[in-house]
Amino acid sequence: MHKRSWVEVDLAQVVQNYRAYAACLAAGSRIMAVVKADAYGHGDVAVAQALAQEGVSLFAVACIDEAIALRRAGIAGEILILGYTPTTALPLCREYDITQSLVSEDYAEAFADAAPAGVKCQFKLDTGMSRIGLPANDPDACEACIRRYAKRLSLTGIFTHLCVADSNQEEDIAFTQTQIARFEALCDRVRDLSLPYLHCMNSAGGVHTNSKYDKIVRLGILLYGLQPSPDIPLPEGVRPALTWKSVVSAMHTIKDGESVGYGRTYRADGTRRIATIPTGYADGYSRLLSNKGRVFIHGKPAPIVGRVCMDQMMVDVTSIPECALYDEVTLIGDSYTADNMASELGTIGYEIVCDIGKRVHRIYKNDNNCLHNKG
Ligand SMILES: *Cc1c(COP(=O)(O)O)cnc(C)c1O
């Protein structure tokens, strides 16, 4: 392991998050682990394997490449592609036993033409997100469509997605209830089809909302110990599973008035000790943190000075006299989480962890031999 910039993923914590969340759900509920986008940057194969050992047999991804990667790594059970797959790739769904979402009526027709017999599919319903799915505000048309394709295809479920379940504003709570009501109305209409998979909950929805069909929660962000939004407190025992680290690659002292980095946007006010960190925006560390963010060395904050470069950044360690060359640096950790960084940037923790680049090695803490998922 060459220590430059790396992420440590605590798989035991992912499992702990899963258990803590499962404990909040009604008996008989199931969890579909959402491991799209490389398990939100945590490493999809490692996360899926850890959860499979825990008994999880439902997985969701965003695209077919992600689904195939899981199968090739030996992940069994159901794998649902939540979004669009070009119909030319549908033979692969057959080959790898992957379930495809039907994202519109047009798509269902193209799917019926192109998919080899037996490829499993689930209808997406649009209950208010205006993204993909059959428009649930026309339930007659939806029902007719579902029935038509249930005859021609291996339809295993219907599902929808909530768009404000992470808010505790009154209007938003009401809207979530409307979405669930629209979804359940359609579930009721097609009850005779006995579709095994009916699901409408994400992380935020599952904790806060009860539904008579609340049997499967598509659990994403909470598996990784981050908040769906600041409105949603983490359940007891749920904590971030990821730490992002780097090292001090160079140290130098600059004099009063000297500048740091591109554009000379930082000028020293007095003598400053500057440490260079070999992590930059090409590693997924946001350049918007230039002159704004901080890293932690010996547990103490060191402010970023100057612009974050493509592959490196500089920090002021004047107030950390013990800081030395090759010391470990924490970019994201217990005292400064992806959610903390996100709020500083005006975004969400999801984006922070998804953006951590491919060249940042993932190391699994409960592996003795430092398994590298990437690079
Ligand atoms: C990403 C995604 C989820 C998971 O959402 P979280 O907020 O991370 O729990 C669930 N359902 C769909 C359709 C998604 O795209």
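Student: Is C93 buried or exposed?

Tutor: C93 is buried, at 2% relative accessible area. Buried means under 20%, exposed over 50%, and partly exposed in between, using a 1.4 Å probe and the protein chains only. This is a predicted model, where local features need pLDDT of at least 70, side-chain atom pairs need 80 or more, and totals for chains, interfaces and linings use all residues. Residues are numbered from 1 along each chain as its sequence is written, and side-chain values use heavy atoms, without hydrogens or water.

The whole structure has zero disulfides, meaning pairs of cysteine sulfur atoms within 2.5 Å. For C93, the nearest cysteine sulfur belongs to C121, 9.9 Å away. C354 is also in no disulfide; C63 has its nearest cysteine sulfur, at 12 Å. C354 is partly exposed, with a relative accessible area of 35%.

Next, the ligand. Look at the polar contacts, which are pairs of N or O atoms within 3.5 Å. An N or O atom in the H161 side chain is 3.4 Å from a ligand nitrogen. The R218 side chain places an N or O atom 2.8 Å from a nitrogen atom of the ligand. S203 has a polar side-chain atom 2.5 Å from a ligand oxygen. Overall, the protein covers 92% of the 390 Å² of accessible area that the ligand has on its own, by the Shrake-Rupley method with a 1.4 Å probe.

Notes: A polar contact is a pair of N or O atoms within 3.5 Å; within protein, one must be able to donate a hydrogen and the other to accept it, and residues adjacent in sequence count only if both atoms are side-chain atoms.
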